[in-house]
Amino acid sequence: MLIVSGLCLQAKSQSTSDGSRPQFLFTGFSSGKVKMKNGSFQSMLLNYNTVSEKMVYEKENNLYDMINTEMYDTIFLQKSKFVPVGKVFHEVLYVDTISLFIQHKGILEPPGKPAGYGGPSQVSNTKIRSSVELSMGYWNLDLPKDYIVKADPVFWIRKDNNMFSFTTERQFLKIFPDKEEEYKQYIKQNKIKFDRLSNVVRLIEHCNELSR
């Protein structure tokens with residue numbers, strides 16, 4: 001069953017200097033429904049922070065991370081469906097014998113600084129994570145001027161009740177050693193790009209067709 005298709009996933013940087021929040025998956029907070037493990041539902045203003053990998057809710061003009069993820073069953077937001085996996089959430093893209101999920105991740109990078117020969121340089125991501133976490137409450141507030149968020153998503157497959165991650169063709173083919181050549185040929189013939197969400201969904205559709 002197809003959950004999401006026809007979208008492009010461009011692993012590109014987002015840069016703003018106007019106080020916007022590129023760390024969030026959606027452009028703004030919107031009403032979503034939270035299904036609890038006990039079957040009850042709650043309505044909240046929600047968005048997903050790709051840098052902290054936290055589902056965030058807005059209440060009385062304040063932003064809060066959703067913790068205790070083991071209490072949640074499913075979150076429905078912006079025509080998308082998210083399920084908790086450990087302390088983060090994965091978006092459900094396709095459900096079948098072989099199911100597909102995406103872990104939305106973002107890497108926070110500082111403005112480029114002048115380096116030798118006129119090129120920019122950037123300090124280590126570890127330093128940025130520490131300083132922003134301490135001063136900005138887990139990255140939920142406006143980012144410092146000219147910081148960028150680089151999309152760094154990870155795809156996940158659920159197959160035979162096991163989860164496998166991949167971002168490249170090589171990693172994907174290792175999940176299916178018995179059909180590696182067949183899938184490799186399909187990828188080549190159909191020009192499957194692993195940075196395009198719609199292409200990856202189409203590939204998983206093909207995998208399920210062959211498994212029937």
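Mentor: Start with a term: strands here are DSSP runs of E, at least two residues, and helices are runs of H or I, at least four residues, numbered from the N terminus. Two strands pair if DSSP finds at least two bridges between them. This is a predicted model, so local features need pLDDT of at least 70, side-chain atom pairs count only at pLDDT 80 or more, and totals for chains, interfaces and linings use all residues. Residues are numbered from 1 along each chain as its sequence is written, and side-chain values use heavy atoms, with hydrogens and water left out.

Trainee: OK. How many residues lie between S14 and S15 in their hairpin?

Mentor: Two. Asp 160 sits in that turn with a positive phi of about 55°.

Trainee: And how many bridges join S14 to S15?

Mentor: Five, and the strands run antiparallel. S14 covers residues 154-159; S15 covers residues 162-166.

Trainee: Which residue in S15 is the bridge partner of Ile 157?

Mentor: Phe 164.

Trainee: What about S14 and S9, parallel or antiparallel?

Mentor: Antiparallel, over five bridges. S9 is residues 99-103. Ile 102 has Phe 155 of S14 as its bridge partner.

Trainee: New topic. Which residue has a positive phi in the S2 and S3 hairpin?

Mentor: Gly 39, near 95°. That hairpin has four residues between its strands. S2 (residues 30-36) and S3 (residues 41-49) pair antiparallel over six bridges.

Trainee: How many bridges join S2 to S6?

Mentor: Four, again antiparallel, with S6 at residues 72-77. Lys 35 has Thr 74 in S6 as its bridge partner.
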